[in-house]
Amino acid sequence: MVEKCKEITPVPIAPKNYTFVTSYSTAVELGGRPVIIGERINPTGKSKFKQALRDHNIDYILEEGVKQEDSGAHILDVNVGLPEIDEAAMMETIVYELQSIMPIPLQIDTTNMEAMERALRIYNGKPMINSVNGKAEIMEQVFPLVKKYGGVVVGLALDEDGIPDTTEGRLAIAEKKYIRQVKKYGISRKDIVIDALVMTMSTNNESAKITLDTVKEITARGGKTVLGVSNISFGLPQRELINAAFFTMAMNNGLSAGIINPNAKAMRQAYDTFCVLGGYDAQCMNYIENYAVTDAPNAAAKPAAAKLNLTDSIIKGLKDQAYRATEEELKTKEPMEIINGELVPALDVVGQGFEKGTMFLPQLLMSAEAAKAGFEAIRQYVQSHGEAQEKKATIVIATVKGDIHDIGKNIVKVLLENYGYEVIDLGKDVPPEKIVETVVDKHAPLVGLSALMTTTVVNMEESIKELHKEAPWCKIMVGGAVLTQEYADMIGADFYGKDAMQSVYYAERLLNS
Ligand code: B12
């Protein structure tokens, strides 16, 4: 490559005036169709959320994220500041966990510099950073971090003298404090978004006008804006009515992003109808899809994550939910019905998504963890409901070399144990020698091998060959998603089981007849 390329001059990079916020897989542009930033991951005024932070109840916080993504948020604001907790550690954990289960970008919302740096360090992509104000000492702390890690900064239109109550005053801060300052730090002006500030109407009749004019002026000058929309109605009844109307007016003035509650129906409706009228919803497709039947469930009325069933919990990668949903199902269903009817199909959905490129490895991992949690509930149930039996024969099981998929093998283990067999589980990624050694050592009459990848079936074959050589008395059963009867015959296995229950039937036939 060096040979071939050394004479070629690279095309110069043309700077582009786009403002993008990204996750590891998704890019959200500010400046076109308005962007929804979900505001719900924030303890302010939410006692349950505060308690979740104190109890380190991560799943509760992740659910808030999932609900907002389901309701159409493009970016999630993440604020976990509470005086009595270690905010920096919590911020790092939440950012890590959120980006494992969802593809949308995050807005790191904190005034704690350690929390901000720890979040930025592990963030995959270019986050939004909320927020700096025009005070010199704050800018001196935040901008070097932005330069180092990258990000789009939200600059509040306020400084040492407070919040200007005129449009001109707010524009002056945007211009002098941010646009000119950031150059010093090597940050591009396109990576600054101005929060034009929303003050409640209940104390100043001009509040909305000042903010809306500021949005309009900044937009006219090619700048980007963001607003924490719901402040407008503070102290008023039926706040959503005011919020929704104000949101529409702001979008009409060019607002780039609104920090809103995407689960609130009126806000969703304001957004969806604006997108139609603003020409952002081609052929009104989104609108038709969500509102064609008046009582059809629209985005804002999707089932809450709190009631997710086992299938959805696995697909979304929520461990605690999966465990609880399984416990619930065990009241009416048999363990195998749950495994074959939900657990395996849910992982199939994830696997297909992975194959198509719509889901990614971190999501696969989270789903696997959720499936394991669900299965843990089944294991406990099976153990407490099984009758104590005399130990039958010893069976060795393993996932073959090179393969780390062990959920299926673990199911096989629990079922065999439940039928009274002594199971020696060698784990995953087990080399043929280890399998042979154990079988010989225990003089085991039966071994079960699992493989889930076409690339590891060869190692299964290798293990079978060695077993035939060194332990000719031992029968070999195989299973795993990629295997078929034909494959099993081809590689010399004695038995192929399409599901875990088959391992029990085979063992019973072989060892108990
Ligand atoms: C969960 C999962 C993971 C998890 C595994 C976590 C864990 N601890 O097991 C993680 C995220 C770690 C993972 C990693 C990878 N994965 Co993966 N993963 C899956 C997924 C989605 C589900 C597998 C699963 O657990 N299914 C549920 C269980 C219960 O089913 P099962 O194992 O088949 O078991 C049942 C039966 O087969 C049977 N059975 C199983 N074993 C045995 C044994 C005996 C003796 C008997 C009788 C019966 C039996 O009983 C079980 C229940 O009835 C599959 C897709 C799919 N739909 O299968 C991809 C899949 C297997 N993975 C795949 C890939 C490519 C990978 C990675 C290489 C990705 C990467 N780029 O890094 C790595 C592999 C790392 C490695 N070296 O092994 C591919 C394999 C493609 C191929 N044809 O070879 C699949 C098919 C996804 C895809 N469509 O692309 N993965």
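Trainee: What share of the residues of the protein count as buried?
Mentor: Of the 513 residues of the protein, 48% count as buried, and please keep in mind throughout that we are looking at a predicted model.

Trainee: And how many helices and strands does the protein have?
Mentor: The protein has 20 helices along with 15 strands, and its C-alpha atoms fill a box of roughly 90 × 65 × 50 Å when this is taken along the principal axes.

Trainee: OK, now the ligand. Where does the ligand sit?
Mentor: The ligand is found in the largest pocket, and of the 38 residues around it, those that come nearest are Asp-348, Ile-404, His-405, Asp-406 and Ser-450.

Trainee: Which protein donor does the cobalt atom of the ligand have?
Mentor: The only one is His-405, whose NE2 atom is at 2.3 Å from the cobalt atom; in the chain, His-405 belongs to the loop between β11 (394-399) and α16 (407-418).

Trainee: Which element gives the most to the shell around the ligand?
Mentor: That is α14, with seven residues, while the elements that each supply at least two residues include α15 (361-385), β13 (446-450) and α20 (500-512).

Trainee: Which side chains have an N or O atom by a nitrogen atom of the ligand?
Mentor: Glu-355 has a side-chain N or O atom 3.1 Å from a ligand nitrogen, and for Lys-372 the corresponding distance to a ligand nitrogen is 3.4 Å. There is also a backbone N or O atom of Thr-454, which lies 2.9 Å from an oxygen atom of the ligand.

Trainee: Changing topic, I clicked on Ile-138. Which helix is it in?
Mentor: Ile-138 is part of helix α6, which covers residues 136-149.

Trainee: Why does Ile-138 count as partly exposed?
Mentor: Ile-138 counts as partly exposed because its relative accessibility is 23%, and buried would mean under 20%.

Trainee: What is Ile-138 in contact with, leaving aside neighbours within four places in sequence?
Mentor: With those set aside, Ile-138 is in contact with Val-132 and Asn-133.

Trainee: And how far apart are Ile-138 and Asp-159?
Mentor: They are 21 residues apart in sequence, and in space their C-alpha atoms are 9.9 Å apart.

How values were computed
Residues are numbered from 1 along each chain as its sequence is written. This is a predicted model: local features need pLDDT of at least 70, side-chain atom pairs count only at pLDDT 80 or more; totals for chains, interfaces and linings use all residues. Side-chain values use heavy atoms; hydrogens and water are left out. Donors are N, O and S atoms within 2.8 Å of the metal (3.2 Å for Na, K and Ca); water is not among the atoms, so sites may look incomplete. Helices (H or I, at least four residues) and strands (E, at least two) are DSSP runs, numbered from the N terminus. Buried means under 20% relative accessible area, exposed over 50%, partly exposed in between (1.4 Å probe, protein chains only). Contact means heavy atoms within 4.5 Å. A residue is near a molecule or strand if one of its heavy atoms lies within 4 Å of it. A polar contact is a pair of N or O atoms within 3.5 Å; within protein, one must be able to donate a hydrogen and the other to accept it, and residues adjacent in sequence count only if both atoms are side-chain atoms. On a 1 Å grid over the protein atoms alone, a cavity is a set of points where a 1.4 Å probe fits but cannot get out, and a pocket is an open set with protein on both sides within 12 Å along at least five of seven lines; lining residues have an atom within 4 Å of a point. A molecule sits in a cavity or pocket if more than half of its atoms lie within 2 Å of its grid points.
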